[in-house]
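Please examine the sequence and the model below.

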Amino acid sequence: MGGLLGGQRVGAAAAAAVKKDAASYTWAAAAVGSQNAAAYQLATQVPVMAVGGFNGSDPSPTLRQFQAYAAAGKVHYFIASGGAERRGGPGGGARGSSVSAEIAAWVEGRFTKVTVGGATLYDLTRPVRK
């Protein structure tokens, strides 16, 4: 499953990682844009937060709200956007909002990166030790 309307392709290993222990979280994962979130939600049948709404351009949730969700243990993984953040912002370059980019940068700088079956996930339960 995956590739839905330009969303990420979801491999079996990545889907299994997101699905594991999903009942312990409000959202098993968060992804920029609803296409990416939907691809994971359909592949796993567990809740996945769409950061930035449909294409990642809405300022919802805010960075502060996302930080609170992470601190409260409500989100397990943040799903990287396939390198889109390197092209000017998550969600596909100019389509991502500055809020989505702020959230992605905050996550990347603070949490452990895990590569599963070619997908890059950030485990929001494992801060990077500095």
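The accessible surface of the protein chain amounts to about 6400 Å², and 52% of that area belongs to carbon and sulfur atoms; areas follow the Shrake-Rupley method with a 1.4 Å probe. The model is predicted: local features need pLDDT of at least 70 and side-chain atom pairs pLDDT 80 or more, while totals for chains, interfaces and linings use all residues. Residues are numbered from 1 along each chain as its sequence is written, and side-chain values use heavy atoms, without hydrogens or water.

Four helices and five strands are present in the protein chain, in the order α-β-α-β-α-β-α-β-β from the N terminus. These are DSSP runs (helices H or I, at least four residues; strands E, at least two). Of the 130 residues, 47% are buried, meaning under 20% relative accessible area.

Asp123 lies in strand β5. Asp123 is buried yet has no salt bridge (a side-chain nitrogen of Lys or Arg within 4 Å of a carboxyl oxygen of Asp or Glu); Arg126, the nearest side chain of opposite charge, is 4.1 Å away. Beyond four places in sequence, Asp123 is in contact (heavy atoms within 4.5 Å) with residues including His76 and Phe111.

Technical notes: Buried < 20%, exposed > 50% of the residue type's maximum accessible area, 1.4 Å probe, protein only. Lys, Arg positive; Asp, Glu negative; His and termini not counted.
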